Amino acid sequence: MSSALNLKTTPFLLYLIIILTLSFLPPALLINPTAGSRSLLRAISGGSDQSDFAVDLNVTNFDQVFKDTPASYAIVEFFAHWCPACRNYKPQYEKVAKLFNGANAVHPGVILMTRVDCANKINTKLCDKFSVTHYPALYWGAPPKFVGGGWNGKNEKSEIRSIAVEDARTADRLLKWINTQLGSSYSLEDEKFENDHLLHSNVSDPAQIARAVYDVEEATSFAFDLIVEHKMIKPDTRATLIKFMQLMVAHHPSRRCRRGTADILVNFDDLYPSNKWLADKHEPDNSTGHGPLGKFDVCGKEVPRGYWMFCRGSKNETRGFSCGLWVLLHSLSVRVEDGESQMAFTTTCDFIHQFFICEECRQHFYDMCSRVSTPFSTTRDFVLWLWTSHNEVNTRLKKIEESQKTGDPKFPKTIWPTKHLCPSCYKDPNQNEESSSIDWDRDEVYKFITGYYGNMLVSLYKEKDKQHVLMKSSAVSEEVLQSTNALVVPAGAALAIAVASCLFGALACFWRSRQKNRKMRRNRS
Ligand SMILES: Cc1cc2nc3c(=O)[nH]c(=O)nc-3n(C[C@H](O)[C@H](O)[C@H](O)COP(=O)(O)OP(=O)(O)OC[C@H]3O[C@@H](n4cnc5c(N)ncnc54)[C@H](O)[C@@H]3O)c2cc1C
């Protein structure tokens, strides 16, 4: 850090060469924002073959990574690979990055630590936008502020800040600077699940649910991985999976999961052909070990990330997937239309029964499903049934976990929502929350749940979307992302799925018809 180097002005000729070079590179490498995202994911998840924790960014993935990250803050280190000071600084930066990046991070999802090599010519403009005058140069801000952003040092109101060289010289100093910004007390000695002040500070803070959108993506991806790994797609379970995917295409809170599911759905007949399968007892190709679905990313290439945000337990073995699955189910339930409620209910029951690999859970859940004698005709009925059922599970587990000490001490089971979360849900403000017969104001409960799992859950996305609309470049990346969804399904199958999916709403219908049109265009050309 001490030998900060001044940059020389890049000659025009060099720009010309770069542009000419870039114009001969395959377009996917140039503009596909997800290019290299697998290696990126490896870097983020701290894969064994990858010793760096800070995520290497370049001009092709810079915006997309900041759009996708669940982290609340980000640091970008601009460096040059030939710069000796940068090489010496790397271990210091990595010590801090290790705390925040990767599946084994002590404090995941708080700060995304990244680096950009300005000596790589494709990054020249990017580094210019941040007025990089010395290496290494560190910048701090909320991830969306980096999307399409820059820094010129003159605008005092800029929401991106340069970190002074002195404040970042060593890992200790950098962490001290971070602690000052966040009011935190992170230490380089922090161990996983210890000193975890920030993440679990307030479970009853309603705003926390905004972070759960990332867990819903994680749970969706996790569920599909389990389904594939355990070869759960069989002639008698296939129809349920198709219906659940239709429900997801129409109502999943995450846009990229809707898109990924639509891709799978449209290709599903080819991947798992029902007739051939049934007639020949043909097992779908599993030569990759992941089955034909293995090549699809149900929620995009950045998911799974390997860690949980809202659903993170204070121990490795608690919370996580089952919490994410509940949040997925609730968030789907509040999004279905009245006319879809009965179908959504039976689809959810069948999905859990056939695809949730926890035997006790699926059996109990199915028992609760079987107790429903009158078909649901409204979203409200379905939402409140799921809420009551979840509370029934909570009540049962509360006793077991208290007696056997198997629960997560930081997240004891409670009847939900607590008074703190929704005071108006309780008819009697003095009623004990522990009571087995709470007098609920069901209208208020319904209002609360629809807001909580509806708008609040996707509020982080909405915030990023506002940013997204402002950026022309983002519109381009979005289009690129969509155009990579090539179709290989017979148009007839796509149409059949399209018709079926329309039962789950107009959005699914839109997806199906768009996919079908793309396929037809492809077939024609
Ligand atoms: C369908 C299903 C059935 C299950 N059955 C069993 C079982 O039989 N035995 C077993 O040991 N485990 C079962 N589990 C797992 C168990 O319910 C918990 O998911 C797990 O113990 C982790 O608990 P958690 O503290 O993360 O909160 P979870 O119970 O997973 O809840 C996740 C989040 O949902 C919210 N929430 C809590 N209650 C409600 C509610 N009533 N309505 C809406 N939102 C709520 C809270 O914000 C909570 O943090 C089941 C899971 C699922 C998805």
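This briefing walks through the ligand shell, the helix packing, some backbone details and the confidence of the structure above. The model is a predicted one, with an average pLDDT of 79 for the protein. Around the ligand there are 22 residues, and three helices, α14, α16 and α17, each bring at least two residues to that shell.

**Ligand shell**

- If you are setting up the ligand site, a handy place to begin is with S322, C323, C361, H390 and W416, which come nearest to the ligand among the 22 residues around it.
- Helices that each give at least two residues to the shell are α14 (321-333), α16 (359-370) and α17 (379-404).
- By class, the shell holds 13 nonpolar residues, six polar ones and three charged ones.

**Helix packing: α15 with α16**

- Helix α15 covers residues 341-355, and its axis comes within 8 Å of that of α16, at a crossing angle of roughly 155 degrees.
- Angles over 145 degrees count as roughly antiparallel, so this description applies to α15 and α16.
- The crossing of α15 past α16 is left-handed.
- On the α15 side the contact involves C349, I352 and H353, which meet R362, F365, Y366 and C369 of α16.
- Five nonpolar residues, one polar and one charged make up this contact of α15 with α16.

**Helix packing: α17 with α18**

- The axes of α17 and α18 (residues 442-456) cross at roughly 90 degrees and come within 10 Å.
- An angle from 65 to 115 degrees counts as roughly perpendicular, and α17 and α18 are therefore described that way.
- R380, V383, L384 and W387 of α17 make the contact with R442, V445, Y446, I449 and T450 of α18.
- Sorted by class, the contact of α17 with α18 has six nonpolar residues, one polar and two charged.

**Helix packing: α5 with α9**

- Helix α5 (residues 84-100) packs against helix α9 (residues 171-182) at about 45 degrees, and their axes are 8 Å apart.
- The two helices, α5 and α9, are therefore oblique to each other.
- Where α5 passes α9, the crossing is right-handed.
- The residues in contact are Q92, K95 and V96 from α5, together with A171, L174 and L175 from α9.
- Four nonpolar residues, one polar and one charged form the contact of α5 with α9.

**Backbone details to keep an eye on**

- A cis peptide bond joins W416 to P417, with omega near 0 degrees.
- P136 belongs to the loop between α6 (124-129) and β4 (137-141).
- R319 is not a glycine, yet it has a positive phi of about 60 degrees.
- You will find R319 in the loop between α13 (274-280) and α14.

**Confidence**

- A pLDDT of at least 70 is reached by 72% of the residues.
- Residues 197-201 stay under 50 in pLDDT, and the model gives this stretch nine contacts beyond four places in sequence.
- The pLDDT is also below 50 over residues 470-494, a stretch with 43 contacts in the model beyond near neighbours in sequence.

Conventions. Residues are numbered from 1 along each chain as its sequence is written. This is a predicted model: local features need pLDDT of at least 70, side-chain atom pairs count only at pLDDT 80 or more; totals for chains, interfaces and linings use all residues. A residue is near a molecule or strand if its C-beta atom, placed from the backbone, lies within 6 Å of it. Helices (H or I, at least four residues) and strands (E, at least two) are DSSP runs, numbered from the N terminus. Ala, Val, Leu, Ile, Met, Phe, Trp, Tyr, Cys and Pro count as nonpolar, Asp, Glu, Lys and Arg as charged, and the others, Gly among them, as polar. Axes are lines fitted to C-alpha atoms, for helices over the stretch in contact, and angles run from 0 to 180 degrees between N-to-C directions. Angles under 35 degrees count as roughly parallel, over 145 as roughly antiparallel, 65 to 115 as roughly perpendicular and the rest as oblique. A crossing is left-handed if the near helix is turned anticlockwise from the far one by less than a right angle, and right-handed if clockwise. Two residues are in contact if their C-beta atoms, placed from the backbone, lie within 7 Å. pLDDT is the predictor's confidence in each residue, from 0 to 100.
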